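Reader: I would like a close look at one part of this model. Please keep it brisk and start with a charged pair.

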Amino acid sequence: MSHMTTRRHLLRGAVGTAALATVGAVGAAGTGTAQAAQAAPLAPTAGTALDIGILLYDGYSLLDPTGPAEVLSRLPGATVTMVAQERGPVRTDTHDVAVMAERCIADVDHLDVLLVPGAGNRGTVAAMENQELLRWIRRIDRHSQWTTSVCTGSLVLAAAGLLDGRKATTYWASADYLQTHYDVTYLPERYVRSGKIVTAAGVSAGLDMALYLASLIAGDSTAKAIQLAIEYDPHPPFDAGNAAKADPELKQHALRLLAESQER
């Protein structure tokens, strides 16, 4: 194989090898494997549309929409689209990166899955006060199969009135605000399901939430396969990602870094 071999060809070769091994395993296992396959949750079949929309608004945190998009776009039959008030690039909280919104909210009246990302103070507060956005979120939620959020996106859902009387999670530094300003019970978990609403904690927790949502939609087997496909096997160099274990000095340093990065 030449040095010009593309990544797609390499992946295709790897999948082909795995498929041959799977065929051999099925032949050896016989009916037991077939019965197990029938008992497993079924993923959406080819041609079954699953319309997933991720809301973008000025000042969102980059990984909040893009992490879940990486997971959910691998679901069979799924289409993931970025949606904003206006089509075009939407800037993150640091102003350094923009993601393209292909649809505007005026043109979207139904989604199977809605995801609302979080943001820094500027973006979150503006979204919570944006009545056009809140009306659209409520309208989409009426018919969605799942309504989800990442990080302070749960504050936006709360501002829209969708978390009243529910349990939810959010970014650790926003937990007190969520509980004191809304009728919400905060749980310090990576993700929390309350009916059809699934909220995730800060930023990176969106990946965990998306995999959990994938398991609810397509079954554990597909969700596990997606996790392997994106090689999501985190082994961070530091045990410093849990606010419950962090000392006050580290928390202040973290919040200071966030604030400074958003003021550039």
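Take Lys245 and Asp239. Are these two residues buried or exposed?

Author: Both Lys245 and Asp239 are exposed. Exposed means over 50% relative accessible area, buried means under 20%, and partly exposed lies in between (1.4 Å probe, protein chains only). A word on the ground rules. This is a predicted model, where local features need pLDDT of at least 70 and side-chain atom pairs count only at pLDDT 80 or more, while totals for chains, interfaces and linings use all residues. Residues are numbered from 1 along each chain as its sequence is written, and side-chain values use heavy atoms, with hydrogens and water left out.

The side chains of Lys245 and Asp239 meet in a salt bridge, 3.0 Å from N to O. The term means a side-chain nitrogen of Lys or Arg within 4 Å of a carboxyl oxygen of Asp or Glu. Side chains of opposite charge can pair when their charged atoms come close. The structure holds 7 salt bridges.

Next, Asp51 and Arg103. Their closest N and O atoms are 3.5 Å apart, in another salt bridge. Asp51 lies in strand E1 (residues 50–55) and Arg103 in strand E5 (residues 103–104), so this pair ties together parts 52 residues apart in sequence. Strands (E, at least two residues) and helices (H or I, at least four) are DSSP runs, numbered from the N terminus. Asp51 is buried, at 19% relative accessible area. Arg103 is partly exposed, at 23%.

Lys196 and Asp141 also form a salt bridge, 3.6 Å from N to O. Lys196 sits in the loop between strand E10 (191–194) and E11, Asp141 in helix H5 (residues 131–141), and the two are 55 residues apart. Lys196 is partly exposed, with 23% relative accessibility. Asp141 is buried, with 13%.

Now H8. Asp208 is found in this helix (residues 205–218). Asp208 is buried, at 18% relative accessible area. Its side chain makes a polar contact with the side chain of Tyr232, at 2.6 Å. A polar contact is a pair of N or O atoms within 3.5 Å; within protein, one must be able to donate a hydrogen and the other to accept it, and residues adjacent in sequence count only if both atoms are side-chain atoms. Beyond its neighbours within four places in sequence, Asp208 is in contact (heavy atoms within 4.5 Å) with Arg190, Tyr191 and Tyr232.

Ser204 sits in the loop between strand E11 (197–200) and H8. Ser204 is partly exposed, at 33% relative accessibility. Leaving out residues up to four places away, Ser204 touches Leu63, Arg190 and Tyr232. Ser204 and Gly241 are 37 residues apart in sequence, yet 9.7 Å apart in space, C-alpha to C-alpha.

On to the nonpolar side. A nonpolar core is a set of buried Ala, Val, Leu, Ile, Met, Phe, Trp, Tyr and Cys residues joined through side-chain atoms within 4.5 Å. The largest one has 36 residues; Ile52, Leu56, Leu75, Met209, Leu213 and Ile217 touch the most other members. H8 gives the largest share of this core, 9 residues. Apart from it lies another core of 27 residues, including Leu55 and Leu157.

Last, helix H10 (residues 248–263). H10 has 16 residues and reaches 23 Å from its first C-alpha to its last, close to the 22 Å expected. The expected span is 1.5 Å times one less than the number of residues. Asp247 caps the N-terminal end of H10, with a side-chain oxygen 3.1 Å from the backbone nitrogen of Glu249.
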